[in-house]
Amino acid sequence: MSDIVTHTERLIIRRAQITDAEFIFELLNQPSFIDNIADKQIRTLADARKYIESAFLTPYDSRAPSPYIVTLNDGTAIGICGLYQRPYLAFPDLGYAFLDRYCAKGNAFEAADALLRFVHQCGKYKALGAITAPNNLASNKLLNKLNFVLVGTLELAPDMGPTNLYVNLLCD
């Protein structure tokens with residue numbers, strides 16, 4: 001079975017591997033990741049390997065909504081894009097993050113659009129969600145471009161402010 005889930009002219013979206021630990025370590029420790037998503041407490045390569053096992057490989061094994069690694073056609077890992085099943089949502093949500101040096105180049109849109117087309121073709125889900133911080137203007141704009149509609153806000157934790165909730169109805 002191929003590790004490639006889908007691809008575009010410039011990008012490959014593939015399953016993660018334990019050998020992606022250095023990339024995951026770098027991505028999850030970027031200030032932009034910590035500020036816009038969370039501090040996942042990945043402090044060592046061993047932590048990164050454990051994170052890959054729990055956040056990527058376990059969902060693959062259970063056929064659950066899963067994140068994937070986004071690479072350039074030459075194999076350079078530049079980001080992650082995939083689906084996550086949050087306990088507070090009735091449907092999976094789209095999540096993505098890219099190394100800062102690959103942002104503002106259309107990579108997030110291209111990867112997310114390809115993944116959404118793949119998910120739509122599979123026919124497994126009727127709707128997808130997405131959550132973002134209200135002040136994350138780039139992600140809010142991207143979700144609008146991907147035909148997600150802002151339906152309200154959630155409070156994920158008492159010490160956090162409101163989080164935008166978007167929905168995309170995967171209709172023909």
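Trainee: What is the relative accessible area of Asp-113 in this model?

Mentor: The relative accessible area of Asp-113 is 25%, and the residue is partly exposed. The model is a predicted one. A residue counts as buried under 20% and as exposed over 50%, so a value in between is read as partly exposed.

Trainee: With which residue does Asp-113 form a salt bridge?

Mentor: Its partner is Arg-117, and the closest N and O atoms are 3.3 Å apart. To read such a pair, check that the side-chain nitrogen of Lys or Arg is within 4 Å of a carboxyl oxygen of Asp or Glu. Arg-117 is partly exposed as well, at 45% relative accessibility.

Trainee: Where do Arg-117 and Asp-113 lie?

Mentor: Both are in helix α4. Four residues separate them, which is about one turn of the helix.

Trainee: How many salt bridges does a search of the whole structure find?

Mentor: The search finds six. One of them joins Glu-110 to Arg-10, with 2.6 Å between the closest N and O atoms. Glu-110 belongs to helix α4, whereas Arg-10 sits in the loop between β1 and β2, so this bridge ties together parts that are 100 residues apart in sequence.

Trainee: Which accessibility class does Glu-110 fall into, and which one does Arg-10 fall into?

Mentor: Glu-110 is buried, with 16% relative accessible area. Arg-10, at 36%, is partly exposed.

Trainee: What is the distance between the closest N and O atoms of Arg-86 and Asp-93?

Mentor: In that salt bridge the closest N and O atoms are 2.9 Å apart. Asp-93 counts as buried, at 1% relative accessibility. Arg-86 has a relative accessible area of 24% and is partly exposed.

Trainee: Now the pockets. What is the volume of the second largest pocket?

Mentor: The general idea first: a probe the size of a water molecule, rolled over the atoms, shows where empty space is left. Here, the second largest pocket has a volume of about 500 Å³.

Trainee: How many residues line the second largest pocket, and which lie nearest its centre?

Mentor: The lining has 18 residues, and those nearest the centre are Arg-63, Ala-64, Ser-66, Tyr-68 and Phe-118. The largest share, four residues, comes from α4.

Trainee: How do the lining residues of this pocket divide into nonpolar, polar and charged?

Mentor: In the lining of the second largest pocket, 13 residues are nonpolar, two are polar and three are charged.

Conventions: Residues numbered from 1 in each chain as written. Predicted model: local features only at pLDDT ≥ 70, side-chain atom pairs only at ≥ 80, totals over all residues. Heavy atoms only, no water. 1 Å grid on protein atoms, 1.4 Å probe; cavity = no way out; pocket = protein on both sides within 12 Å on 5 of 7 lines; lining within 4 Å. Points joined across faces, edges and corners; volume = space filled by probe spheres on them. Helix = DSSP H or I, 4+ residues; strand = E, 2+ residues; numbered from the N terminus. Nonpolar A, V, L, I, M, F, W, Y, C, P; charged D, E, K, R; others polar. Buried < 20%, exposed > 50% of the residue type's maximum accessible area, 1.4 Å probe, protein only.
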